[in-house]
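Subject: Handover of a structure and the findings

Dear colleague,

Please find below the structure that I am handing over to you. My findings follow it.

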Amino acid sequence: MADAGGDPSSGGSLGGKVVSLKDQGNDFFKSGNYLKAAALYTQAIKLEPDNPTLYSNRAAAFLHLVKLSKALADAEMTITLNPQWEKGYFRKGCALEAMERFDDAIAAFQVALQHNPQNMEISKKIKRLTQLARENKRVLEVQNIRSSVNMTKFLEPLKPEFSAAFPIEGVWKDIFSFLVEVMDSAIKGWHETGRVDPRVNFLLDKQKSQTDKYAPVVNIDKAFESPDTHSSCFSFLRQYAEDSFSRAACVIAPKSIMSYPQVWKGQGSRKWKLGQNDGFFVQFESPLLRKLWFVPSSTEGSQTLCRNPEVLDISAHEVLPRIFKESNQDVL
């Protein structure tokens with residue numbers, strides 16, 4: 001609140017008119033009429049422009065009026081007029097806190113505490129804002145991670161393997177781009193909603209596939225309910241891949257819906273090493289190349305965050321058997 005008394009250096013030197021205006025301003029401040037209080041402090045400042053108490057009080061009024069730039073300016077003037085008085089630094093810290101400039105606010109409160117080490121209010125503000133600044137910094141880091149998903153960069157090391165498996169340049173680049181797009185889409189969807197739909201994306205052949213008959217995405221939400229549904233789904237997908245002349249496929253399977261197979265419960269060479277994180281599987285399928293990743297997920301505050309995909313041994317942890325018939329021939 002505004003200060004009823006003067007600063008330590010004023011020595012009772014304020015004239016009667018200034019004292020009256022300040023006291024009236026304090027009364028309005030206490031009653032919640034901050035606009036009138038600020039106006040009265042302003043009148044007093046015109047009569048005594050070197051009084052730090054008046055600027056400190058007006059800063060407090062401006063803060064309540066959410067006139068933050070003016071509150072900060074008055075706090076700075078308070079400090080200029082009396083650098084040894086902690087109140088100016090306190091007002092500055094409060095204005096900066098309201099501006100959400102938490103690191104700057106902490107610095108101002110720390111100077112205030114140096115001038116009055118016994119002030120518990122200032123100590124509590126420093127502790128609270130330090131924690132808040134740490135949390136805000138992490139929120140920004142998470143937002144940056146979420147917005148900078150770049151599967152092209154992550155999968156870059158696989159390009160030589162893809163180009164060797166699919167020697168025709170246009171073919172391997174199409175298949176690689178397909179994988180990147182599917183993984184990008186799945187991760188962004190998970191970030192936005194906290195879930196992904198179990199599905200298989202197919203890369204259809206531009207010349208051979210009957211696009212009016214075969215869709216590029218097949219829903220598999222029942223595939224992991226039991227061994228029977230799993231077997232039926234696999235059989236359907238293998239036939240679908242063949243009949244649609246698909247060149248590659250990408251399975252997206254959220255861990256939370258998988259009653260079978262629970263590939264994270266294996267033993268020996270199949271032992272799961274990625275903890276209990278939620279997340280989803282990405283299984284890449286083609287006649288010549290198969291890959292498997294698990295994308296772990298965690299929640300920080302109210303935000304869902306996907307970690308970098310973890311490479312898995314597909315022979316130990318496949319979520320579906322091989323969809324394409326194995327081939328030693330180039331995919332055209």
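The protein has 12 helices and 7 strands; helices (H or I, at least four residues) and strands (E, at least two) are DSSP runs, numbered from the N terminus. The model is predicted, so that local features need pLDDT of at least 70 and side-chain atom pairs count only at pLDDT 80 or more, while totals for chains, interfaces and linings use all residues. Residues are numbered from 1 along each chain as its sequence is written, and side-chain values use heavy atoms, with hydrogens and water left out.

Overall form

The C-alpha trace spans about 100 × 45 × 35 Å along the principal axes of the protein. Its radius of gyration is 33 Å, whereas a compact globule of 332 residues would have one near 20 Å. This radius is taken over C-alpha atoms, and the globule rule is 2.2 Å times the number of residues to the power 0.38.

Of the 332 residues, 47% are buried. Here, buried means under 20% relative accessible area, exposed means over 50%, and partly exposed lies in between (1.4 Å probe, protein chains only). The accessible surface of the protein comes to about 17200 Å², and carbon and sulfur atoms hold 50% of that surface. Such areas come from the Shrake-Rupley method with a 1.4 Å probe; for residues, only the protein chains shown count as cover.

Among contacts in the protein with a separation of 6 or more, 61% are between residues 24 or more positions apart. A contact means heavy atoms within 4.5 Å.

There are 42 positive and 39 negative side chains, and the centres of the two sets lie 3 Å apart. Lys and Arg count as positive and Asp and Glu as negative, while His and the chain ends are not counted. The place of a charge is taken as NZ of Lys, CZ of Arg, CG of Asp or CD of Glu.

The nonpolar cores

In soluble globular proteins, nonpolar side chains tend to be buried together. A nonpolar core is defined as a set of buried Ala, Val, Leu, Ile, Met, Phe, Trp, Tyr and Cys residues joined through side-chain atoms within 4.5 Å. The largest such core in this model has 31 residues, and Leu155, Phe162 and Phe280 have the most contacts inside it. At least two residues of this core come from each of α8 (151-155), α9 (159-165), α10 (169-193), β3 (248-254), β4 (278-285) and β5 (290-300). The most is given by α10, with 12 residues.

Leucine 155 touches Phe176, Leu179, Val180, Met183 and Trp293, when residues up to four places away in sequence are not counted. A second, separate core has 29 residues, including Tyr214, Ala223, Tyr240 and Met258.

Not counting residues up to four places away in sequence, cysteine 250 touches Phe178, Leu179, Val182, Arg199, Val200, Asn201, Val282 and Gln283. Cysteine 250 and methionine 183 are 67 residues apart in sequence, yet 8.7 Å apart in space, C-alpha to C-alpha.

Glycine 189 lies in helix α10. Leaving aside neighbours within four places in sequence, glycine 189 is in contact with Gly194 and Arg195. From glycine 189 to threonine 78, the separation is 111 residues in sequence and 51 Å in space, C-alpha to C-alpha.

Backbone details

Most residues other than glycine have a negative phi, and most peptide bonds are trans. Valine 66, although not a glycine, has a positive phi of about 60°. Valine 66 is found in the loop between α3 (52-64) and α4 (68-81), and counts as exposed because its relative accessibility is 60%. Glutamate 100 is not a glycine either, and has a positive phi of about 65°. The loop between α5 (86-98) and α6 (102-115) holds glutamate 100, which counts as exposed at 59% relative accessibility.

Which type of peptide bond joins tyrosine 260 and proline 261? The bond is cis, with omega about -5°. Proline 261 lies in the loop between β3 and β4. Glycine 268 is also found in the loop between β3 and β4, and is exposed, with a relative accessible area of 61%.

Yours sincerely
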